[in-house]
Amino acid sequence: MGRTSGTVVGTVLLLLLLLALAIECHADTRYNVSFDELHKCKQHNAINGYNYQAFFKLHELQHHDPADSDLVVDLLVYVLAARDGHILLSDQNKTGATALEIVLGGGANTFSQIRVGQKGSPIRTKASAGLLSPIDPLPVRLRIYSEGQIRIHAGNLTGEPFMEAMLPSKNASGLSYVSFTTWGTALAKWFYDCPLPTTNGTAMIDGSELQQEYDGKQRLLDHLKAVPRWIDPPVNFTGVQISHMYVQGFVYDQTTNLIELSGAMGLSWQDPRYRWNASDFDNVTVVGDVCRTIWTPAFETVSLFTGPLALCFLSQEGTVIVEIEEFSWINFCSLSDSYRWPYDVNACQLQLMAASHERTVPIRVVMGMVLFDPDFEQSEWSIKTIGKHEYEQAVTPYGRQPMLEMHIEMVRKSDIHSVSIYPSYFVANLLISISFLVDGRSRLLLNSLGLIVLLNSFLSLSVIVPRAGVPKIYIYFQWSLVFYALSSILFVIELWLKRTRANITPGSWIARTISFPALRYALAMDQRSNYNTLEHKNVRWDEVTCILNRLVMVVAVIVFAIGFTKP
């Protein structure tokens, strides 16, 4: 197992190196754009997601000089990106509602669009599957006329425009800045301020030489597409390896009992059916854009795993590397008993299975490559531990087949609940406890204030407390209400006894017990100097309620202390 993992990691690193060399050293592409042409341009790397940061003045660009007086923008750029190339033309050095946005290869490189304003309403949309490539520079020429007509050429710069549209305002004279960016985690290299290509030192031409030619890479792609697509993995398939997983979101919704992981991940596996001899295809060793050409695992619907394959690379040894830039992994997970709320924990599982017709598809994960975004937790739950179980044969709705199961142990973020509930619980019980020691209106005031604070906390708690079980703090809130009721009842009885001023029969056991000096001192009913006069004193019935108040207060303090401790 360790040797296999090491071999896969080594192969992955080798493929990444080969891919980098292919990007840097590939001189001729399917549009015949040479590095000599790119070196004449300025370069801007878009690496910060969907964020227009750098704005360039059109009139300061060296090669932006529209020959036609009606042209406001006549710009030639090249772009290297796997998907989502964004161009913004604006009347100021920032985004705005009047800006013009052009999207190339949006939606995982499936469509292109012209919009008014950043992320604004589209005025032209066109399907363009596979338009962009991280290896082949795409030439794009933008022509915008003062009356609002927009013409965009992509790839072939001399034929019919790739997209045409008209600005709703029919006025483009204010466009004076240009900016470039990408979307999400995609990276893009932009080459701008480019002169039109020249041939053999002659005058500039209009780009007719940028015609698609069939080099070794294109012949290899055509060769792969000519083979019928397999529906099963190869014989003796070793499995799909999750080489890395970057978790960007974790949500547990206790109302719907749904747990979700989201982020990006990379897959790799060996498929010897796609090996080739590099010398037969101009020494091409790595090829991309093969997601729809080669066999890829199809995850079972019951796994509740979704995520399109954004990038697929294939090496001459048959190693496949796949990137899923946005995945969502969901499962049902009921909440356990909430007695320890808000300090409770819960355990959930995420399951992943791949469909196959005649062969099995084992799935494995390298736990050391499971990484987390600093702000990935998006609910009141935190991941405590995460583990895995790789089943070779598990009972599933589709029979016995391999399955990957991720075990997640999570804890509730208790800080906000502790700050909002426990202080009010402490104050309410303190007021109710003190009310047993005082008389008259002071007692009524303290007891009422304690009830108000307690009810406020009780109502707030009833909204957020889970429905699974009864939390410990909820039980002790109820006990606090019981002590409030006892305090009120004893207060009424004591008022009635003080008005009647009824005495206890001298010599009875109740009178002797209440007159016991140590008991009266312990319950703070008399000063020590009064002990020598107790035998001459008539004991009234209201002193019985006084003793009961002291005893109930002691019980209330003990219950309060137990309820306040962390379960």
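The structure is a predicted model.

**Aromatic pairs**

The model holds 12 aromatic pairs, counted by rings whose centres lie within 6.5 Å. One of them joins Y50 and Y52.

F180 and Y192 form another pair. Here the centres lie 5.6 Å apart. The planes stand at 40°, so this pair is tilted. Where do F180 and Y192 sit in the chain? F180 belongs to strand β11, residues 177–181. Y192 belongs to strand β12, residues 188–192. The pair therefore ties together parts that are 12 residues apart in sequence. F180 is buried, at 1% relative accessibility. Y192 is buried too, with a relative accessible area of 7%.

The two pairs set side by side:

| Pair | Centre to centre | Angle between planes | Type |
|---|---|---|---|
| F180 and Y192 | 5.6 Å | 40° | tilted |

F180 and Y192 also belong to a cluster.

**Helix α4**

Helix α4 spans residues 216–226. Which of its residues are buried? They are G216, K217, Q218, L220, L221 and L224. An α-helix has 3.6 residues a turn, so residues three or four places apart point the same way. In α4, L220 and L224 are both on the buried list. The cover over the buried residues includes two strands, β15 (286–288) and β18 (311–315).

**A three-stranded sheet**

Three strands form an open sheet, in the order β20-β25-β24. Their pairing is antiparallel. Which strands lie at the edges? They are β20 (345–352) and β24 (381–396). Each of these edge strands pairs on one side only. Neighbouring strands in the sheet are turned by 20° against each other on average, with direction ignored.

Take the pairing of β20 with β25 in detail. Strand β25 covers residues 399–412. How many bridges join β20 and β25? There are eight, and the two strands run in the antiparallel sense. N346 has its bridge partner in β25, namely M410.

Conventions
Residues are numbered from 1 along each chain as its sequence is written. This is a predicted model: local features need pLDDT of at least 70, side-chain atom pairs count only at pLDDT 80 or more; totals for chains, interfaces and linings use all residues. Side-chain values use heavy atoms; hydrogens and water are left out. Rings of Phe, Tyr and Trp (its six-membered ring) pair if their centres lie within 6.5 Å; planes under 30 degrees apart count as stacked, over 60 as edge-to-face and the rest as tilted. Helices (H or I, at least four residues) and strands (E, at least two) are DSSP runs, numbered from the N terminus. Buried means under 20% relative accessible area, exposed over 50%, partly exposed in between (1.4 Å probe, protein chains only). Contact means heavy atoms within 4.5 Å. Two strands pair if DSSP finds at least two bridges between them. Axes are lines fitted to C-alpha atoms, for helices over the stretch in contact, and angles run from 0 to 180 degrees between N-to-C directions.
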